[in-house]
Amino acid sequence: LVAASLGAHTILTDLPDCIPLLEKNIEANISLLKNKGSARAEVLRWGRGDDVTTIRSRGEIDIVLMLDIVYYDESLQALMDTLNDICSDSTLVLMSYEERDSD
């Protein structure tokens with residue numbers, strides 16, 4: 001939402017159960033987006049071709065911002081495959097990652 005308030009046209013992604021909360025947060029902050037950027041919520045399950053197709057249909061992705069999204073090392077391959085599918089050679093990917101104890 002911060003990127004959208006600064007003029008970016010953004011897609012906020014998460015699992016299906018989280019989309020209503022994303023939409024609520026977008027609506028609660030809509031006044032910050034007036035005459036600036038835009039925000040929309042979309043489902044993106046890593047490794048799901050149908051979700052990737054939906055995201056890609058929204059246009060070329062310039063920047064991917066990921067913050068604290070990996071909780072299990074086992075999910076990294078699906079994340080990398082999905083990034084490979086939605087990004088172009090010119091997409092900038094920024095990721096904040098905290099190592100967690102897997103025990």
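Is Cys87 buried or exposed, and what is its relative accessible area? Here are some friendly notes on this one.

1. Ground rules. This is a predicted model, where local features need pLDDT of at least 70 and side-chain atom pairs count only at pLDDT 80 or more, while totals for chains, interfaces and linings use all residues. Residues are numbered from 1 along each chain as its sequence is written, and side-chain values use heavy atoms, leaving out hydrogens and water.

2. Cysteines. Cys87 is buried, at a relative accessible area of 17%, whereas Cys18 is partly exposed at 31%. Buried means under 20%, exposed over 50% and partly exposed in between, with a 1.4 Å probe and protein chains only. Taking a disulfide as a pair of cysteine sulfur atoms within 2.5 Å, the count is zero.

3. A nonpolar core is a set of buried Ala, Val, Leu, Ile, Met, Phe, Trp, Tyr and Cys residues joined through side-chain atoms within 4.5 Å. The largest has 11 residues, including Cys87, Val52 and Leu44. Helices (H or I, at least four residues) and strands (E, at least two) are DSSP runs, numbered from the N terminus.

4. Around Val52. Leaving aside neighbours within four places in sequence, Val52 is in contact (heavy atoms within 4.5 Å) with Leu44, Thr82, Asp85 and Ile86.

5. Strands. S1 (residues 9-14) and S2 (residues 38-43) pair in the parallel sense over six bridges; pairing requires at least two bridges found by DSSP. Thr13 in this pairing stands opposite Glu42 in S2.
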